[in-house]
Amino acid sequence: IVMEQVSAAIDAEKREREMVNEMQIKLAQSMPLLREKFLLSLVSDHINTIHIHEKLEFLGFSFLSASVYITLVIVIDDVTQIMDTRTERDKQLLSYTILNIIQELIDKQMRGVTFEKVPGEYVGILLATPFYPDQSPEYELLMLAESIREQLRKWLKLSVTIGVGEQVGSLSEVSTSYKQAKDAVDQKW
C-alpha cells in the first residue's frame, strides 16, 4: 500500500510537471499575440499603467522604458485597391514584409517597436532619445521617415503617407501622440 501511494504521488508530480511545461509552451506560442494586444492598448487609450515595468519586462519590451516617446503612423496609399487585388496569403506576406522593413529601419536609426494596427496601417512607437547626442530627435525622425518611404517604394513599389505625433512623456500618453500622427496622415499634412 505504501508503494502504491508513493507511486501515485510520483505520477501526480510527473503529470503536474508535464502540465506546467505544456502551459509554458502555450504561453511562449501566444507571446506575439500578447505583445500585439499590449501595443494596441497603448495607442487605443486602454493602457493600465499599474505594474507597467513588470509588463514591459514580461513581454520583452524593457527597452520601451523611456522618458520621451514619439508615435509614427505609416499608411499605404490606395490601400483598398492594393489589398483587394491580393489573395489572403499575399496580404499576410505583404504585411509581414512591410513590418520587417519598418522595424529594421527603426532598429538601425532609432529605437522602438512597430506593429500593424489595421490592414495597411503601421504604427511605430519610438523612443525620442537620439542614438547620437549631437543629433536632435526631429532630425532622426525625418531621416527615418524618409528611409521608410524610400525602402517601401524601392522594394515593394508602394507609396505611403507618414504622420508623426508630438513627443509625450509617458507610455500612458502614447495614445495622444498616436491620434496626432493619425490625424496628420488623414489630413495628408
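Contact here means heavy atoms within 4.5 Å. The legends below describe close-up views of a predicted model.

**Figure 1. Phe115 and the residues around it.**
Phe115 is part of strand β2. Its relative accessible area is 4%, and because buried means under 20%, Phe115 counts as buried. Leaving aside residues up to four places away in sequence, Phe115 touches Leu39, Leu40, Val43, Leu99, Glu121, Tyr122, Val123 and Ile125. Tyr96 stands 19 residues from Phe115 in sequence, and the C-alpha atoms of Phe115 and Tyr96 are 9.7 Å apart in space.

**Figure 2. The four-stranded sheet.**
The sheet is open, and its four strands follow the order β2-β3-β1-β4 with antiparallel pairing. Strands β2 (112–118) and β4 stand at the edges; each has a single partner strand, so one side of each is left without a neighbour in the sheet. From one strand to the next, the twist averages 20°. Helix α6 (residues 174–187) packs on this sheet and touches β1 (69–76), β2, β3 and β4. The direction of helix α6 makes about 35° with that of β1.

**Figure 3. Strand pairing within the sheet.**
Six bridges pair β2 with strand β3 (residues 121–127) in the antiparallel sense. Across this pair, Glu116 has Tyr122 in β3 as its bridge partner. Strands β1 and β3 also run antiparallel and are joined by seven bridges. Here Leu72 has Gly124 in β3 as its bridge partner. The pairing of β1 with β4 is antiparallel too, over five bridges. In β4, Ile162 stands opposite Ile74.

**Figure 4. Strand β1, covered on both faces.**
Which residues of β1 are buried on one side, and which on the other? Tyr69, Thr71, Val73 and Val75 lie on one side, while Ile70, Leu72, Ile74 and Ile76 lie on the other, and all are buried. Both faces of β1 are therefore covered, and with eight of its eight residues buried, the strand is largely enclosed by the rest of the structure.

**Figure 5. His51, a loop residue with positive phi.**
His51 is found in the loop between α1 (2–43) and α2 (52–59). The phi angle of His51 is near 55°, which is a positive value in a residue other than glycine. Is His51 buried or exposed? With a relative accessible area of 54%, His51 is exposed, because the cut-off for that class is over 50%.

Lys157 belongs to the loop between α5 (137–156) and β4 (160–164). Its phi is near 55°, again a positive value in a residue that is not glycine. Lys157 has a relative accessibility of 69% and so counts as exposed.

Which residues make the nonpolar surface patch of about 280 Å²? The patch is made by Val2, Val6 and Ile10. Of these residues, Val2 is placed in helix α1. The relative accessible area of Val2 is 58%, so Val2 is exposed.

Definitions and conventions
Residues are numbered from 1 along each chain as its sequence is written. This is a predicted model: local features need pLDDT of at least 70, side-chain atom pairs count only at pLDDT 80 or more; totals for chains, interfaces and linings use all residues. Side-chain values use heavy atoms; hydrogens and water are left out. Helices (H or I, at least four residues) and strands (E, at least two) are DSSP runs, numbered from the N terminus. Buried means under 20% relative accessible area, exposed over 50%, partly exposed in between (1.4 Å probe, protein chains only). Patches are made of residues with over 30% relative accessible area and no salt bridge: like charges are joined within 9 Å, nonpolar side chains (Val, Leu, Ile, Met, Phe, Trp, Tyr) within 5 Å. Accessible areas come from the Shrake-Rupley method with a 1.4 Å probe; for residues, only the protein chains shown count as cover. A salt bridge is a side-chain nitrogen of Lys or Arg within 4 Å of a carboxyl oxygen of Asp or Glu. Two strands pair if DSSP finds at least two bridges between them. Axes are lines fitted to C-alpha atoms, for helices over the stretch in contact, and angles run from 0 to 180 degrees between N-to-C directions.
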